[in-house]
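Dear colleague,

Please find below the structure that I am handing over to you. I would be grateful if you would read the notes that come after it with the coordinates open.

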Amino acid sequence: MFPVPRPALSPNTYDFESLPLVKPTGFREYDARWLFEKEINLMGVQALGIGLGTLIRRAGVAPSIVTGHDFRSYSAAIKTALVSGLLAAGCTVHDIGLAITPMAYFAQFDLDVPCVAMVTASHNDNGWTGVKMGMARPLTFGPEEMTQLKEIVLAADFDLVGGGSYRFVENFPERYIADLTKRAPLTRKLKVVCACGNGTAGAFAPTILEKIGCDVVPLDTELDFTFPRYNPNPEDLEMLHAIRDAVLENGADVGLGFDGDGDRCGVVDDKGEEIFADKIGVMLARDISALHPNAQFVVDVKSTGLFATDPVLIGNGARTEYWKTGHSYMKRRTHELSALVGFEKSGHFFFNTPFGRGYDDGLVSALAICDMLDRNSGKSLSDLRDALPKTWSSPTMSPHCADETKYGVVDAVIAHFKDAASTGAPVAGQKVRDIVTVNGIRVTVEDGTWGLVRASSNKPELVVVVESPVSEARMRDMFAAVDGVLRTHPEVGAYNQTI
């Protein structure tokens, strides 16, 4: 028997130390995130491990699983609690120790293990913890699996079969590094700023870039779980500006920034311009589709409209499908279509054969960018950026909205813009041309200017992105229109950043 998890417990009490705390909202659409000790305790993590092991067995999958942890002060303890639960559910646990998330995905292939449970809060602020899970490589859980897991855990509907075993895999990072660097070195000497925000990637990224022939300028690569300068999130302007400054100071060819668990990569060009990941995706798609005509790509609904309109991609016969935002959604769709690459605006890129194994890896993305520059030896990254058709786009902006209310707000926003489309009411001064509701709502008006509103899948926030192929003023018009609708909902709070 194991106690039924409680949605709330008071710290410094007998119950807090003797009962599992698991807040239901921590089960997100495709992974799990909680504030440690406020929304989940160690016994709650143990319950999660038992539930995950139970789910794996009931799915008919071999109960063998890779686990690792990121560099936060409490992550090793959380992993230990998770492992104890997995063992109680009869799993064989292969522990690779301190790791970035793609290293755990790689371990599924390298160790021939079907399942994964990576303890990480990715780029979330300190205090957060979470687990990224999968049982069908290279895929990770989607809503169906997360719902099943949630129901098992919250009801304590566990199969405590016992008989699990634990194996620590020594020096596993060496195998991962060797796999990425068993290739021809670059023919072009690139000076690269390698920025890690003091997150886990700092232990591995500089070595990998050096081994392929880069001249590496390290920036915040020392491991420090207090994140003294900024959160390791290459979507945040604070990190991008720090990379910009280092690129300009050192005369670097490119700045590459990795998030807290190393599955995303942000980019700054040689002139210090931050290039949002969707624009980098277009540049990579141009490069890759020249090598592989008629290539299939998948991009998320937050991404630039250039994937559909860029004349170079059209000339190369490239086909692109817009899909749901979220690393699990994108990974699954890229896999289903056997697309060469899936590109997500957040910086999750999913490279299939011959570039990768289908999962998101910020280091694989970094190597692809270096290879693109190597193939374009007479051009700088800013030259490749300037060759794209001009658009004006915002960073990803996230106004606060509680987990309990955010989906209702998005439903109301969808209804508002659908009504505008059906009645011909203007949005940002123009009629609606089309609407995409595969994930929240993306509303495009007559001149191609568009705005997106969706619910964040891993934080109590909404997500807002706007872009215009016409002018910065039109981009700001769309932001004003979208924000004007959001401000009619008092549940929506302040933005983390705005244009």
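The notes below cover the pockets, then a helix that contributes to one of them, and then several other elements and residues.

Please bear in mind that this is a predicted model.

The largest pocket holds about 610 Å³ of space. Its lining consists of 21 residues, and those nearest the centre are Glu 273, Glu 274, Phe 276, Lys 390 and Thr 391. Two or more lining residues come from each of α8 (237–250), β11 (274–275), α14 (381–386), β16 and α16. Of these, α16 gives the most, with three residues. Sorted by class, the lining of the largest pocket comprises nine nonpolar, four polar and eight charged residues.

The second largest pocket has a volume of about 520 Å³. It is lined by 33 residues, and His 123, Asn 233, Glu 235, Lys 459 and Glu 461 are the closest to its centre. The lining of the second largest pocket has four nonpolar, 16 polar and 13 charged residues.

Helix α16

Helix α16 covers residues 472–486, which is 15 residues. From first C-alpha to last, α16 reaches 21 Å, close to the 21 Å expected at 1.5 Å a residue. The buried residues of α16 are Arg 474, Met 475, Met 478, Phe 479, Ala 481, Val 482, Asp 483, Val 485 and Leu 486. The elements that cover them include β16 (392–393), α15 (403–423), β18 (441–445), β19 (450–455) and β20 (462–468).

Strand β5 and its partners

Strand β5 (residues 128–134) is largely enclosed by the rest of the structure, because seven of its seven residues are buried. Both of its faces are covered, with Trp 128, Gly 130, Lys 132 and Gly 134 on one side and Thr 129, Val 131 and Met 133 on the other. Strand β1 (residues 32–35) pairs with β5 in the antiparallel sense over four bridges, and Ala 32 stands opposite Val 131. Strand β4 (residues 115–119) also pairs with β5 in the antiparallel sense, over four bridges. Here the bridge partner of Ala 117 is Met 133 in β5.

Helix α6

Helix α6 (residues 172–181) is mostly covered, with seven of its 10 residues buried. These are Phe 172, Pro 173, Tyr 176, Ile 177, Asp 179, Leu 180 and Thr 181. The buried residues of α6 pack against β3 (92–98), α4 (101–110), α7 (205–211) and α13 (362–375).

Two individual residues

Thr 54 belongs to helix α2 (residues 42–58). Thr 54 counts as buried because its relative accessibility is 0%. Leaving aside residues up to four places away in sequence, Thr 54 touches Ala 89, Ile 152, Asp 157, Phe 158 and Asp 159.

Glu 210 lies in helix α7, one of the elements against which the buried residues of α6 pack. Glu 210 has 47% relative accessibility and therefore counts as partly exposed. Between Glu 210 and Ile 441 there are 42 Å in space, C-alpha to C-alpha, and the two are 231 residues apart in sequence.

With kind regards

Methods
Residues are numbered from 1 along each chain as its sequence is written. This is a predicted model: local features need pLDDT of at least 70, side-chain atom pairs count only at pLDDT 80 or more; totals for chains, interfaces and linings use all residues. Side-chain values use heavy atoms; hydrogens and water are left out. The expected span of a helix is 1.5 Å times one less than its number of residues. Buried means under 20% relative accessible area, exposed over 50%, partly exposed in between (1.4 Å probe, protein chains only). Contact means heavy atoms within 4.5 Å. On a 1 Å grid over the protein atoms alone, a cavity is a set of points where a 1.4 Å probe fits but cannot get out, and a pocket is an open set with protein on both sides within 12 Å along at least five of seven lines; lining residues have an atom within 4 Å of a point. Grid points are joined across faces, edges and corners, and a volume is the space filled by probe spheres set on the points. Ala, Val, Leu, Ile, Met, Phe, Trp, Tyr, Cys and Pro count as nonpolar, Asp, Glu, Lys and Arg as charged, and the others, Gly among them, as polar. Two strands pair if DSSP finds at least two bridges between them.
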